[in-house]
Structures are given as structure tokens and as C-alpha cells.
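This briefing describes one protein chain for a reader who has the sequence and the structure at hand. Please look at both before reading the points that follow.

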Amino acid sequence: MKVKSIEEIQNALQPIADEMQIEIVEIEFKQGKEPALTVYIDVEGGVDLNTCEKFHRAIDEPLDEIDPTFGLPYTLNVSSPGLDRPLKTARDFEKCMGEKVEIKLFAPLKGKKFFEAKLVSYDGNCIEVEDGKETLKLEIAKIAKICRAIDFDGLL
């Protein structure tokens, strides 16, 4: 299936998001038996179902106008990025500065491929984390996944 670029879709939706004070975190198009365009959003204080529904309604018509699938059917989803979404952009890292993150490496470092530590810096190529004992500098390219650590005790 031929699909317009994510950048073109983002450009069409960004003014609506700005007007509604919504951050578009990521746009993803999954092809297959049931094609779907998913727009992940965030707002100050967190995303709720009402915010997703309002944004969905606001972008439905503009998406029809730009016709991202050139007339073929698809499902539009608007969603929260989720608590455990991987950090990908500079903004993601900035939002988590000083917080505990979970890091999974492609190859072991000091015998470990997974650990939790506090994110203390990010420069686009590397991060620095502190685990209470030491500070580690890690290249982003060597990280399989990094996401905010979820403290389930703090959620109760």
C-alpha cells in the first residue's frame, strides 16, 4: 500500500495539535491486513480518553483532505504513548532528566545487559546515568531500549 510520508502527515496535523496544546509524540503507520494510522499524543498532566477522542475528531477531516493512503481504507487511532514507551527524541530525554530509567543494551557492560539508573545527561549521541555507585556514559547506538522506570509502589 502506498502511503504519504509521516512528515507530510505530521505537517498537516501539527497546527491542530498546537491549537489544542497537544504534543504529537509519534506517528506510525502499520500496513497489512488491517492498515492503521496511529497518532501518539501527550499533554501536560497526562493523556486521558477524552483528550484522545477530541483530537481524533479534530484530525479526522484534515486527514480525509490529505488522503494519506490515496483512497484506500485504514483505521485511525489516537493514543497515549504509554508509561513504558522507549525514549527516542531529545524531548523524551529532557522530560526524563533526573528520573530513573530502564536500560537494555545490545551487548553486556560489566556483565549486565539490563539495569536501572538515574538519567543525568544527554547530548544526542550519549547519555550519562548514575546507579548510586558509579556514573556511566553510554552511547545511544549501544542501547537496545531505554524507557522511564515505572515505580509500581508509587502508583498505589
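In this predicted model, the axes of helix α1 (residues 6–19) and helix α2 (residues 49–66) come within 10 Å and cross at roughly 140°. Axes are lines fitted to C-alpha atoms, for helices over the stretch in contact, and angles run from 0 to 180 degrees between N-to-C directions. Helices (H or I, at least four residues) and strands (E, at least two) are DSSP runs, numbered from the N terminus. Because the model is predicted, local features need pLDDT of at least 70 and side-chain atom pairs count only at pLDDT 80 or more, while totals for chains, interfaces and linings use all residues. Residues are numbered from 1 along each chain as its sequence is written, and side-chain values use heavy atoms, with hydrogens and water left out.

- Glu8, Ile9, Ala12, Leu13, Ile16 and Ala17 in α1 are in contact (heavy atoms within 4.5 Å) with Phe55, Ala58, Ile59, Pro62, Leu63 and Ile66 in α2.
- Sorted by type, the residues of this contact are 11 nonpolar, no polar and one charged. Ala, Val, Leu, Ile, Met, Phe, Trp, Tyr, Cys and Pro count as nonpolar, Asp, Glu, Lys and Arg as charged, and the others, Gly among them, as polar.

**The nonpolar cores**

- A nonpolar core is a set of buried Ala, Val, Leu, Ile, Met, Phe, Trp, Tyr and Cys residues joined through side-chain atoms within 4.5 Å. Buried means under 20% relative accessible area, exposed over 50%, and partly exposed in between (1.4 Å probe, protein chains only).
- The largest nonpolar core has 19 residues, of which Leu13, Val39, Phe55, Ile59 and Leu63 touch the most other members.
- Two or more residues of this core come from each of α1, β1 (23–30), β2 (36–42), α2 and β3 (75–79), and α2 gives the largest share, five residues.
- A second, separate core has 15 residues, including Leu87, Cys96, Leu138 and Ile146.

**Single residues**

- Phenylalanine 106 lies in strand β4 (residues 100–109) and counts as exposed, at 55% relative accessibility.
- Beyond its neighbours within four places in sequence, phenylalanine 106 is in contact with Lys113, Ala141, Lys142, Ile143 and Ala144.
- Valine 43, in the loop between β2 and α2, is buried, with a relative accessible area of 16%.
- Not counting residues up to four places away in sequence, valine 43 touches Gln21, Ile22 and Thr51.
- Aspartate 67 is not a glycine, yet has a positive phi of about 50°; its place is in the loop between α2 and β3.
- Phenylalanine 70, also not a glycine, has a positive phi of about 55° and is partly exposed, with a relative accessible area of 43%.

**The whole chain**

- The protein chain has four helices and eight strands, in the order α-β-β-α-β-α-β-β-β-β-β-α from the N terminus on.
- Of the 156 residues in the protein chain, 32% are buried.
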